[in-house]
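Me: I'd like to learn how to read helices and their packing in a model like this one. Could you walk me through it?

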Amino acid sequence: SVFWKVFSIFLFKHSIIFQLYRGFSSVIALGASVICNKIPGLAPRQRTICQSRPDAIIVIGEGAQMGINECQFQFKNGRWNCSALGERTVFGKELKVGSKEAAFTYAIIAAGVAHAITAACTQGTLSGCGCDKEKQGFYNQEEGWKWGGCSADIRYGLSFSKVFIDAREIRQNARTLMNLHNNEVGRKVLEKNMRLECKCHGVSGSCTTKTCWTTLPKFRQLGYILKEKYNHAVHVEPVRASRNKRPTFLKVKKPYSYRKPVDMDLVYIEKSPNYCEADPVTGSMGTQGRICNKTAQQANGCDLMCCGRGYNTHQYSRVWQCNCKFLWCCYVKCNTCSERTEVYTCK
């Protein structure tokens with residue numbers, strides 16, 4: 001989103017200041033306070049964390065941007081391409097509708113922040129954390145390997161992500177319960193897909209012993225997993241307390257059922273709009289002007305992408321030098337090649 005570009009520039013400009021302040025504890029408090037108060041969209045608890053950990057806010061911003069980039073990759077061929085965003089927050093612009101798309105967005109950003117924090121700890125670029133100390137020196141006699149190297153401290157990353165991201169959910173309503181659930185799904189997917197890497201040690205290339213450590217998964221892998229969960233997201237509704245009528249937990253939206261959703265399922269409380277037309281209420285940007293595929297039957301096909309409005313055809317010609325040969329002596333002779341292409345955009 002436009003806001004995210006502005007926010008990224010803001011963080012880049014001030015990251016140098018954060019780096020300069022690291023060695024001067026008395027100056028940090030003043031500098032961080034001024035900068036953190038200027039960052040738009042932070043909840044009170046998040047602003048407090050920003051002021052106490054100014055080095056972490058840069059990493060958090062990178063993690064959230066990584067989540068949004070992955071969202072845009074996963075949905076690049078759909079009517080909604082992760083650009084229909086509404087209310088301004090530190091994580092971009094929030095979708096107003098509690099839809100499947102909002103569920104995915106929250107999960108992927110929560111995973112992105114946890115991933116970025118854990119990576120920064122492993123690389124030694126974030127103060128107060130490092131390698132996982134519990135995975136050092138222990139020997140697994142049965143399998144013949146021991147912990148070594150620098151294992152990613154995933155518990156620290158998950159904990160930091162939970163404290164910071166969940167801090168913005170201050171309202172007591174169904175959307176808050178939905179957001180918190182999906183935040184947790186994103187973090188659990190990351191935790192479940194941590195990888196074990198090992199290195200052999202021994203004479204002449206033998207594997208007498210192995211040293212192993214845990215590493216983060218590729219973020220693209222998490223994107224694919226969460227996209228699959230999006231495809232099977234569960235429609236839920238709140239169950240309200242009898243005394244104050246506030247939502248206390250979510251249940252699967254079926255008559256006479258009080259079954260709670262599975263911990264690893266993405267959940268949503270409102271059906272998605274069709275995203276055909278621009279609508280500021282739902283945050284839809286519409287599909288007018290979007291490139292489509294005339295022959296495809298999938299979501300990026302012109303029939304589906306353009307919602308039956310039809311499409312415009314744009315013809316382009318490209319000319320270039322081809323089949324070049326070196327002739328003795330001494331020049332290069334080329335043919336002229338040309339190609340006509342057509343691009344289709346929704347009306």
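Reply: Happy to! Let's begin with helix α5: 21 of its 24 residues are buried (under 20% relative accessible area, with exposed over 50% and partly exposed in between, using a 1.4 Å probe and protein chains only), so α5 is largely enclosed by the rest of the structure. This is a predicted model, in which local features need pLDDT of at least 70, side-chain atom pairs count only at pLDDT 80 or more, and totals for chains, interfaces and linings use all residues. Residues are numbered from 1 along each chain as its sequence is written, and side-chain values use heavy atoms, leaving out hydrogens and water.

Me: What span does α5 reach, and what is expected?

Reply: The expected span is 1.5 Å times one less than the number of residues. Helix α5 (residues 100–123) reaches 35 Å from its first C-alpha to its last, close to the 34 Å expected. Just after α5, Gly124 has a positive phi of about 75°.

Me: How many helices and strands are in the protein chain?

Reply: Helices (H or I, at least four residues) and strands (E, at least two) are DSSP runs, numbered from the N terminus. The protein chain has nine helices and 14 strands, and 45% of its 347 residues count as buried.

Me: How are two packed helices described?

Reply: By the angle between their axes and the distance between the axes. Axes are lines fitted to C-alpha atoms, for helices over the stretch in contact, and angles run from 0 to 180 degrees between N-to-C directions. Here, α6 (residues 154–165) and α7 pack at about 170° with axes 11 Å apart. They are therefore roughly antiparallel (angles over 145 degrees; under 35 is roughly parallel, 65 to 115 roughly perpendicular, the rest oblique). Contact means heavy atoms within 4.5 Å, and the residues making it include Leu158 of α6 and Arg187 of α7.

Me: Which orientation do α7 and α8 have to each other?

Reply: The axes of α7 (residues 174–192) and α8 (residues 219–231) come within 10 Å and cross at roughly 135°, and the two helices are therefore oblique to each other. Val185, Gly186, Val189 and Leu190 of α7 meet Leu222, Ile225, Leu226 and Lys229 of α8.

Me: Is Gln65 buried or exposed?

Reply: Gln65, in helix α4 (residues 54–74), is buried, with a relative accessible area of 18%. The C-alpha atoms of Gln65 and Val113 are 8.7 Å apart, although 48 residues separate them along the chain.
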